[in-house]
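Thanks for making the time this morning.

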Protein chains: 2
Amino acid sequence: LGAVAALVRSVGSADFRLPHTGYSAPAGIPAGAVTAEDAELIAHLAAEGTVRMHLTLTPQKLPDVVSHNVIADLKGSENPEQVVVVSGHLDSWDLGTGAIDDGAGVAVAMEAAEILQKLHLRPKRTLRVIAWMDEETGGSGSQAYTKEHSSEFPHHVAAIESDAGAAHPLGFDIRMSNAAADLIRPVLNVLQSIGANAVENRPYPPGADIATMSENTVPALGILQDGRTYFDYHHSAADTLDKIVPEELRENAAAMAVMGYALASMKNPLPR
Amino acid sequence: LGAVAALVRSVGSADFRLPHTGYSAPAGIPAGAVTAEDAELIAHLAAEGTVRMHLTLTPQKLPDVVSHNVIADLKGSENPEQVVVVSGHLDSWDLGTGAIDDGAGVAVAMEAAEILQKLHLRPKRTLRVIAWMDEETGGSGSQAYTKEHSSEFPHHVAAIESDAGAAHPLGFDIRMSNAAADLIRPVLNVLQSIGANAVENRPYPPGADIATMSENTVPALGILQDGRTYFDYHHSAADTLDKIVPEELRENAAAMAVMGYALASMKNPLPR
């Protein structure tokens, strides 16, 4: 339509004049996010007449480099070829240090395996910890995993991701058959004491990095965190470690460990 | 002691990695504010060993320019030479637009006079609206006023300033004789319905721009606002108009108008 640039009002939920940025490439024209405060000012001025803006945008598109998913297996005792994925993503947006998005998810997935080790629990299936690379700019880590392992997806019993922060877990968003969901619900009773027993079976994948597995009928689960403050900090310079409440991080690790252990230990794999 | 630079942990009360800046000139060495988040990181690293920092500071000290206090008198009907000052300060810190510090104070002082005009109330003493210049970097506006008007201070019945934001007013901090304070308290009964009737007589001036008047025994009053969010935004880029709740701004104007009118209309000037 002839637009020379695009600006979007930041969708972050805090009011500290921080631009909330994200993936944006509308039609190859320059694009930027403005803070909610500045968007309101622009709207106010636009209501009074023509607004002219001079944009100084300094994006850099650097060449791709080789990077890696980081994967560790806690080998199953009886059916090591059957895999339960517990995961978060290793990359983060560029402004902060990525504590809630998604250092927390990686920590929670690692801690799930650590908890089983500490408790000397050896599930019969393999618990696979994955720290996904490149969730933020296209999911090439997830694509690479799919390319290499899709033939094994029939034996991927389930995939869990934590990618909505480190706040108190409320339960799980899941995407699986109703028969499988019926087997998930009793597991959640274990988490009732920490209030993490909600479950919603949804028609979309509950995590970006496990979406391809989900599209290939692998039962998928995402921890559902209390999201009230998530977009206050998400993709901003303020996404730093101090935002994480240790007790809440531990609750998430407990939820991931309980669910991962159950899925890797139940009598039969979840029905597709 | 040989320090080559000084960094201060920001004292702002929000956790959005915003450096909270203010007047700082320790011993002529470079000085800067770091966010609370980065201060915590530095402290953490310092506990582990020596921390080396490379500072890129870009302050500019520009030459002084001529600027002005803005003053308007609502002339008293009987004793125009007797003055009640209602005021805020016109300058602001450089990052935001200075809505809460102190556009709100200027608006409240102007509105106090406007309210009296609208209600056709003509006090017998002069109500003097002052928008002070240069509160932030040294108070030269206040000093200039003192230089020009100190001989009239014996007839300055009182000086009020609003410089703590636009949030709900709780009452007034005052600095005056106990005899004068006893005359203030009944006035506050008028403000009880909006919960703005608290009063504290303190040993220090209740406003930077009226400090010199206060030191010269002019009874001084500062509106005491609910300060719970003030330092979330103060001296940051987020000090913008959207932070002001119109109803709360109106409450402040009401408090300033009631107090200003009472002081300009009571039978005798407040005793020193």
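I will go from the relation between the chains, through their interface, to a few individual residues.

Let me say at the outset that this is a predicted model, and that whatever I quote has been computed from it.

I will begin with symmetry. Chain B can be superposed on chain A by a rotation of 180° with 0.0 Å of shift along the axis, and the RMSD of that superposition is 0.0 Å. The two copies are thus related as by a two-fold rotation axis. Which residue of chain B comes closest to the rotation axis? That residue is F16(B), whose C-alpha lies at 3.6 Å from the axis. As for the surfaces involved, 100% of the interface residues of chain B are also interface residues in chain A, so the copies meet through the same surface.

Now to the interface itself. Chain A and chain B each bring 16 residues to the contact, and the area buried between them is about 1200 Å², with carbon and sulfur atoms giving 61% of it. Of the area that chain B buries against chain A, 46% comes from D15(B), F16(B) and R17(B), which is more than any other three residues supply. F16(B), then, belongs to this trio and is also the residue of chain B that comes closest to the rotation axis.

On the polar side, eight residue pairs are in polar contact across the interface of chain B and chain A. Two helices of chain B, α1 (36–48) and α6 (230–233), each supply at least two residues of the side that touches chain A. Sorted by class, that side of chain B has seven nonpolar, two polar and seven charged residues.

How many salt bridges are there between chain B and chain A? The count between these chains is two, whereas over all chains it comes to 24. One that I would like to show you is formed by E37(A) and K243(B), with the closest N and O atoms 2.8 Å apart. This pair crosses between chains, since E37(A) sits in helix α1 of chain A, and K243(B) in the loop between α6 and α7 of chain B. Both E37(A) and K243(B) are buried.

If you turn to chain A, you will find K243(A) in a salt bridge with D242(A), where the closest N and O atoms are 2.8 Å apart. K243(A) counts as buried because its relative accessibility is 12%, while D242(A), with a relative accessible area of 34%, is partly exposed.

Let me stay with the loop between α6 and α7 of chain B, where T240(B) is also found. Is T240(B) buried or exposed? Its relative accessible area is 6%, so T240(B) is buried. Leaving aside residues up to four places away in sequence, T240(B) touches R17(A) and E37(A) as well as T97(B) and A99(B).

H235(B) lies in that loop of chain B too, and at 8% relative accessibility H235(B) counts as buried. The side chains of H235(B) and H234(B) are joined by a polar contact of 3.3 Å. Again without residues up to four places away in sequence, H235(B) touches a number of residues of chain B, among them W93(B), D101(B) and E136(B).

The peptide bond from D101(B) to D102(B) is cis, with omega near 5°, and D102(B) is found in helix α2 (residues 99–118) of chain B. In chain A, a cis peptide bond likewise joins D101(A) and D102(A), with omega about 5°.

Finally, there are residues other than glycine with a positive phi, and I will mention one from each chain. D134(A) has a phi of about 60°; D134(A) lies in the loop between β5 (125–132) and α3 (140–149) of chain A and is buried, with a relative accessible area of 13%. T217(B) has a phi of about 70° and is placed in the loop between α5 (211–215) and β9 (220–225) of chain B, where, at 49% relative accessibility, T217(B) counts as partly exposed.

Conventions: Residues are numbered from 1 along each chain as its sequence is written. Chains are lettered from A and ligands numbered from 1 in the order in which they are written. This is a predicted model: local features need pLDDT of at least 70, side-chain atom pairs count only at pLDDT 80 or more; totals for chains, interfaces and linings use all residues. Side-chain values use heavy atoms; hydrogens and water are left out. Contact means heavy atoms within 4.5 Å. Buried area is the accessible area (1.4 Å probe) that two parts lose on being put together, summed over both. A salt bridge is a side-chain nitrogen of Lys or Arg within 4 Å of a carboxyl oxygen of Asp or Glu. A polar contact is a pair of N or O atoms within 3.5 Å; within protein, one must be able to donate a hydrogen and the other to accept it, and residues adjacent in sequence count only if both atoms are side-chain atoms. Helices (H or I, at least four residues) and strands (E, at least two) are DSSP runs, numbered from the N terminus. Ala, Val, Leu, Ile, Met, Phe, Trp, Tyr, Cys and Pro count as nonpolar, Asp, Glu, Lys and Arg as charged, and the others, Gly among them, as polar. Buried means under 20% relative accessible area, exposed over 50%, partly exposed in between (1.4 Å probe, protein chains only). Copies are superposed by least squares on the C-alpha atoms of residues with pLDDT of at least 70 in both.
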